[in-house]
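Reader: Could you walk me through this model, one question at a time?
Author: Gladly; here is what we will be looking at.

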Amino acid sequence: MPPNTGEQQERSQLLLTKLQVPRPVASLVRRDRLHALLDQGADRRLTLVSAPAGFGKSTLIAGWLNEQDACAWLSLDEDDNDQGRFFLHLLAALQTLDASIGRSVQALVHALPQQPIKVAVTGLINDLATRAAPITLVLDDYHAITDWPVHEAMQFLLDHQPENLRLILITREDPPLPLSRLRARQQLLELRAADLRFTLEEAVRFFNQTMQLGLTKSVVESLERRTEGWAAGLHFAALSLRHSPDPLAFVKAFTGNDLYVLEYLVDEVLGRQPTEVQEFLIKTSILERFSAPLCDYVVFGEAHGPSAELIAHLERSNLFVVALDQDREWFRYHHLFADLLKSRLALRSSEDADLLHRRASRWHADHGSTRIAVKHALARHDPRGAADLVESQLLSLLATGTLPELSAALGQLPPEVAKGRPRLAVAQAWVTVHAGRLSEARAWLQEAERDMEQGDDDLRGHAFAVETYLSAMLGDMAGAGEVAEKALDLLSPDAVSARVFSLMVLAASQRFSARLPEAVESYERGRRLLQPLDEPYLQVLLDCSLAETLRVQGELDRAEQAYQEAIAGSASLRGVGGEPPWFVGYALTGLAAVLQERNQLDAALRHADEGVALCEKWGQADALVISYLDAAATYSSAGKLEAALAVAAKAVALAREVSPWPLAIALASEARLRIARGDLAAAERWADEADLDLAAALDYQHELLYVTLVRLLLAQGKATQAHDLLERLLAQAERVGSLSSVVENLILQALALHARGEEARALERLDLALQRAAPKGFVRLFLNEGPALTRLLYALAAQGTATAYCLDLLRAAPEAGEDRTRSVGRDPEPRLDPLSKRELEVLGLIAEGLTNGKIAQRLRISVHTVKAHSYNIYGKLDASNRTEAVAKARSFGVLEN
């Protein structure tokens, strides 16, 4: 039926280009991952594509629609805020698919707004519901709709949406529709800026295939990072690059002030905002990241202003604002948008910017963000004020462990400003010594000493505190202890941070001087000093240092508790995005080492991975070396030997830049891993370079090196030399009170005696190791020795004297198969009856594949006797045939593999 005259008039009032799906542009890049998401959302009532201007929303949907059937498109604008016009355009879009859609309710358009629009929408819903074919309706630029009755009509349509209708809204800001309800019912598919950002692969295809610019991957990566994957930004960069002879130079200079970017952002974003929003955007552009309280102080000069509402508006409006945490307290602007805002601020009076920077500097200083406070002070050309800030915040920065923050703050200061400021020199000494630049740290201490006033004992005490650390890093533990005592004498009672740090170095000196109980007491003194204070950084360092000493003593439970307290105590310092403070990585890798000793390998690996990642961001050299080595031990226990070697190599490389003492520890740890892998040549090179004097008195500080040498001697088949050295090491470990060393030495003695053929003495040493280790729950000290020790454990079990602890170790051994585990059982009494000497001989010949007759000939006994022995062997091993008996004997360690 042809349309009547009224309908023709109505259609003549429509702008038909609003109903056309945009044509694919020449620069279109097919985005398969997003097309796949759109395909998966076919069963959702609503697909919401919400992102700032220029993110390629309409281009994406238009490209996807070219591959779909029965799709209707409507581009909205401000004129569609009239109910009648909106509904007329909505019908016209649907009628591009079928002219009869909505014909029965078309006349109701003339009754609007007197007639509620819901009546017309109800008729349209009923009409669509009678149709079998699926329909996709796209409403583009939905942010143009501000008329509340239109929103109510859309909400009514969503509430009563027919099954065959899929609705897609493209918008720059979230519409006032029941999104949370749809989300909860899994009826909403959302594509947002994070989804629409171009990946590096997509950016490469855009620049080099679509735009044919032939850029290197590194150039594209820089542009992708600079634009944050913003489609319009990439397009504008491509247009500018056509006229640029030097792509690298262009990338470095590419900002929000690029001509194309500037025009687009001004026309499409900034210029469309109300005056108060524009003011807020421009004034907050000086902030790296912002929160409502910070903006209230900087923009409005008061504690409680309208910033929270304005930020919420920016988020709702997708105004190039990026949330930095899950609680949505901290935000930043898109880089190019921030460039535009800063350029607008630069056009104003310098006094405006000066006031904003002064307020920002004061707020950040009050909230412990010294680096940013200094940055704002320097932005207002006040270097002396910046230096004063660093000095005033020095002790709190050291106390909270923000050495990267302190380093960054110091690095911003002009060199001439630091002259004659001994506090800054001491601060530089702290930063450089923690970074492992020892000679530079000593030079700063000398400069501080030169400028220090007489009677400034507290500052001199701080300098001594640095000196204690410097001595310890050089391996002079005795000297470090002496200087620590001087620091403690000079430091005022209020200088709690430096006193605690000095106590930690004193404790380390006592520990490596074989005075473990005194070391624990020094750590406890530090804990008592810190108890009334909120100093998470020092608490972590103190707890971790104490835990390391407790591990040496074999106190695994107390060590784990100390690590857990360190982690829990720093929870309040979680940063943007909920990331723990970097220094807590030290506690995580230490905790991983305890957990791996208890064979809780999955948890240990998780903590090791997270701890290393955090410590690498922290950058404190000696703690990072220790964390690397604890992680290496964890990876090795978990069977990840190559990963262990890789992280040990990092420890060695870092230690080379620090000092000989941590380097010696790192090299010995790496050599131990080389021995475990069978790379004896590398381990022998280490031994040659270590040049240990076995004739001299043993030095407990270098115990790890001697034990590593023992392992090398055992691997080389020099069991007697290894045993002799172990006797001396065991006596030293007993004297010091290092239970972990005692147990390890006893285990190695058992292996050395076994290698010498002294089986009874080997089992006696192993039994003693088990007795000493059982109360503390050591596991990996035994299991890490591999099949050789497992066989000794089974031999001990075969004697009928094994404890429940021994049997638990056997069940946990990697070499234990299902049959072996079953044979051990759950009770302390072993189920493996010992084989006699003759039975072992018969079993060995069975394993060689000899027949009963051949065995009889070899042993000069009768075949009947061979069969009797075989019967007894099968019974003791719970085997039904020769093959099974041999397999079980090997799994029990009775036979060599």
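This is a predicted model: local features need pLDDT of at least 70, side-chain atom pairs count only at pLDDT 80 or more; totals for chains, interfaces and linings use all residues.

Author: Residues are numbered from 1 along each chain as its sequence is written, and side-chain values use heavy atoms, with hydrogens and water left out.

Reader: How many helices and strands does the protein have?
Author: Helices (H or I, at least four residues) and strands (E, at least two) are DSSP runs, numbered from the N terminus. On that basis, the secondary structure of the protein comes to 48 helices and seven strands.

Reader: What share of the residues counts as buried?
Author: Buried means under 20% relative accessible area, exposed over 50%, and partly exposed in between, with a 1.4 Å probe and protein chains only. Across the 897 residues of the protein, the buried share is 53%.

Reader: What part of the contacts with a separation of 6 or more comes from residues 24 or more positions apart?
Author: A contact means heavy atoms within 4.5 Å. Among contacts with a separation of 6 or more, residues 24 or more positions apart account for 67%.

Reader: Which residues touch the most other members of the largest nonpolar core?
Author: A nonpolar core is a set of buried Ala, Val, Leu, Ile, Met, Phe, Trp, Tyr and Cys residues joined through side-chain atoms within 4.5 Å. The largest one holds 159 residues, and those touching the most other members are Leu766, Leu770 and Phe782.

Reader: And how many residues are in the other core?
Author: This core lies apart from the largest one, and Phe55, Ala193, Phe280 and Leu287 are among its members. Its residues number 53.

Reader: At what angle do the axes of α10 and α17 cross?
Author: Two packed helices are described by the angle between their axes and the distance between the axes. Axes here are lines fitted to C-alpha atoms, for helices over the stretch in contact, and angles run from 0 to 180 degrees between N-to-C directions. The axes of α10 (residues 217-227) and α17 (residues 335-346) come within 7 Å, and they cross at roughly 60°.

Reader: Which residues make that contact?
Author: The residues of the contact divide into one nonpolar, two polar and three charged. For this count, Ala, Val, Leu, Ile, Met, Phe, Trp, Tyr, Cys and Pro are nonpolar, Asp, Glu, Lys and Arg are charged, and the others, Gly among them, are polar. α17 contributes His335, Leu336 and Asp339, while α10 contributes Arg225, Arg226 and Thr227.

Reader: How far apart are the end C-alpha atoms of α32?
Author: The expected span of a helix is 1.5 Å times one less than its number of residues. Helix α32 (residues 601-618) has 18 residues and so should span 26 Å. That agrees with the distance between its end C-alpha atoms, 25 Å.

Reader: How many residues of α39 are buried?
Author: Helix α39 (residues 739-755) has 17 residues and reaches 24 Å from its first C-alpha to its last, close to the 24 Å expected. It is largely enclosed by the rest of the structure, because the buried residues number 15 of the 17.

Reader: Is Arg765 buried or exposed?
Author: Arg765 sits in helix α40 (residues 759-773). Not counting residues up to four places away in sequence, it touches Leu730, Leu746, Gln749, Ala750 and Leu753. With a relative accessible area of 16%, Arg765 is buried.

Reader: Where does Gln273 lie, and which residues does it touch?
Author: Gln273 is in the loop between α13 (259-268) and α14 (275-283). Its relative accessibility is 14%, so it counts as buried. Leaving out residues up to four places away in sequence, it touches Gln278, His313 and Leu319.

Reader: What is the phi of Gln186?
Author: Gln186 lies in the loop between α7 (179-184) and β5 (188-192). It is exposed, with a relative accessible area of 61%. Its phi is positive in a residue other than glycine, near 55°.

Reader: And what is the phi of Asp691?
Author: Asp691 belongs to the loop between α36 (680-690) and α37 (703-715). It is exposed, at a relative accessible area of 62%. Although Asp691 is not a glycine, its phi is positive, about 50°.
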